[in-house]
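Hi everyone, thanks for coming. I'd like to walk you through one model today, so please have a look at it first.

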Amino acid sequence: MDPITQKTQNTGFNNQQFLLAALGYVWFICLAILFLKRDDPFIHAHAKNGTALFVLSVLWFFPVFGVIILAFELYGLYQAFIGNSYKLPIIGDWLEKYKV
């Protein structure tokens with residue numbers, strides 16, 4: 001068995017899971033993933049972050065906020081795609097507190 005296959009089998013690497021988590025940061029798709037993937041904590045956590053950023057982008061549609069929100073979305077998308085857990089700096093604590 002080659003080292004890459006062995007590594008992915010040992011770590012439980014799942015391309016579909018990471019892709020769905022990354023799609024949790026895309027505007028309207030985040031809402032569907034948030035409600036449809038409640039059983040997977042990794043995907044659900046990224047979808048919560050993406051939904052919070054989506055709501056903020058709708059509420060604060062100013063150029064400066066838009067750039068900041070886009071940066072958080074791209075960083076979160078990247079973290080989800082490579083399989084890392086990620087919590088938004090201030091909003092992440094609020095999302096955990098209120099069990100969104």
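I'll start with the overall picture, then go through some helices, a pocket and a few single residues.

A word on ground rules. This is a predicted model, so local features need pLDDT of at least 70 and side-chain atom pairs count only at pLDDT 80 or more, while totals for chains, interfaces and linings use all residues. Residues are numbered from 1 along each chain as its sequence is written, and side-chain values use heavy atoms, with hydrogens and water left out.

Let's talk about confidence. pLDDT is the predictor's confidence in each residue, on a scale from 0 to 100. The protein chain has a mean pLDDT of 77, and 80% of its residues reach 70 or more. Residues 1-8 are another matter: pLDDT stays under 50 there, and the model has three contacts for them beyond four places in sequence. By contact I mean heavy atoms within 4.5 Å. Where pLDDT is low, the predicted coordinates should not be read in detail.

Now the fold. Helices (H or I, at least four residues) and strands (E, at least two) are DSSP runs, numbered from the N terminus. Of the 100 residues of the protein chain, 33% count as buried. Buried means under 20% relative accessible area, exposed means over 50%, and partly exposed is in between, with a 1.4 Å probe and protein chains only. Among contacts between residues at least 6 apart in sequence, 53% join residues at least 24 apart.

In α2, Gln 17, Phe 18, Ala 21 and Ala 22 are buried. Why do they line one face of the helix? Seen down the axis of α2, these buried residues fall within an arc of 135 degrees, so they line one face. The arc is that of the directions from the helix axis to the C-beta atoms. On the other side of α2, Asn 15 and Gln 16 are exposed.

Helix α3, residues 29-36, has Cys 30, Ile 33 and Leu 34 buried. Those residues cover an arc of only 105 degrees around the axis, which puts them on the same side of α3. Phe 35 and Leu 36 are exposed on the other side of α3. As a reminder, an α-helix has 3.6 residues a turn, so residues three or four places apart point the same way. And what do the buried residues of α3 pack against? They pack against α2 (15-23) and α4.

That brings us to α4, residues 41-59, where His 44 lies. His 44 counts as buried because its relative accessibility is 11%. The side chain of His 44 reaches the backbone oxygen of Leu 34 at 3.3 Å. For reference, a polar contact is a pair of N or O atoms within 3.5 Å; within protein, one must be able to donate a hydrogen and the other to accept it, and residues adjacent in sequence count only if both atoms are side-chain atoms.

Asn 49 is also found in α4. Is Asn 49 buried or exposed? With a relative accessible area of 3%, Asn 49 is buried. Leaving out residues up to four places away in sequence, Asn 49 touches Tyr 25, Tyr 86, Lys 87, Leu 88 and Leu 95.

Over in α6, residues 91-97, we find Ile 91. Ile 91 is partly exposed, at a relative accessible area of 24%. The C-alpha atoms of Ile 91 and Asn 49 are separated by 8.0 Å, although the two are 42 residues apart along the chain. Again not counting residues up to four places away, Ile 91 touches Ala 52 and Leu 56.

Ile 91 and Leu 56 come back in the largest pocket, being among the residues closest to its centre, together with Ile 68, Ile 69 and Phe 72. Eleven residues line that pocket, and α5 gives the most, with four.

Last stop: Gln 79, in α5. Gln 79 is buried, with a relative accessible area of 9%. Beyond its neighbours within four places in sequence, Gln 79 is in contact with His 46, Asn 84 and Tyr 86.

Notes: 1 Å grid on protein atoms, 1.4 Å probe; cavity = no way out; pocket = protein on both sides within 12 Å on 5 of 7 lines; lining within 4 Å.
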